[in-house]
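Please look over the structure shown here before reading the briefing that follows, which is arranged by topic.

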Amino acid sequence: MKKLKKWLLEQFLPAWAKDTVYQENKALLAELERQKQEIRELNAYIDGMETALRRQRIVIQNGGAS
C-alpha cells in the first residue's frame with residue numbers, strides 16, 4: 001500500500017503539493033513522537049504512584065511554611 005500511495009503522489013500531484021504533503025507528514029510524525037514520549041512519561045509517573053501506594057510511603061509536600 002505504501003508503494004501505491006507513493007506512486008500516486010509522485011505521478012499525479014504537482015511539485016508544490018508533494019512538498020506540502022511531505023512537510024505535513026514530517027510535522028505529524030514529529031508530533032506523534034512527542035505524544036509517544038509524553039505517554040511514556042505519564043506511564044512512568046503512574047507506575048511510581050502505584051508502587052508508592054502499595055508501600056504506603058507517600059509524602060505530600062504542599063509548599064506551605066512549616
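**Salt bridges and an aromatic pair**

The side chains of Glu50 and Arg54 form a salt bridge with N and O 3.9 Å apart, a salt bridge being a side-chain nitrogen of Lys or Arg within 4 Å of a carboxyl oxygen of Asp or Glu. The model is predicted, so local features need pLDDT of at least 70 and side-chain atom pairs count only at pLDDT 80 or more, while totals for chains, interfaces and linings use all residues. Residues are numbered from 1 along each chain as its sequence is written, and side-chain values use heavy atoms, with hydrogens and water left out.

Salt bridges
- By this rule there are three salt bridges.
- Glu50 and Arg54 lie four residues apart in helix α2, about one helical turn, where helices are DSSP runs (H or I, at least four residues) and strands are too (E, at least two), numbered from the N terminus.
- Glu50 is partly exposed at 38% relative accessible area, whereas Arg54 is exposed at 63% (buried means under 20%, exposed over 50%, partly exposed in between, with a 1.4 Å probe and protein chains only).
- Glu31 and Arg34 meet in another salt bridge, 2.6 Å from N to O, and both lie in helix α2, three residues apart.

Aromatic pair
- The whole structure holds one aromatic pair, and because the rings of Trp7 and Phe12 have centres 5.8 Å apart and planes at 85°, the pair is edge-to-face (rings of Phe, Tyr and Trp, its six-membered ring, pair with centres within 6.5 Å; planes under 30 degrees apart are stacked, over 60 edge-to-face and the rest tilted).
- Trp7 is partly exposed at 42%, while Phe12 is exposed at 59%.
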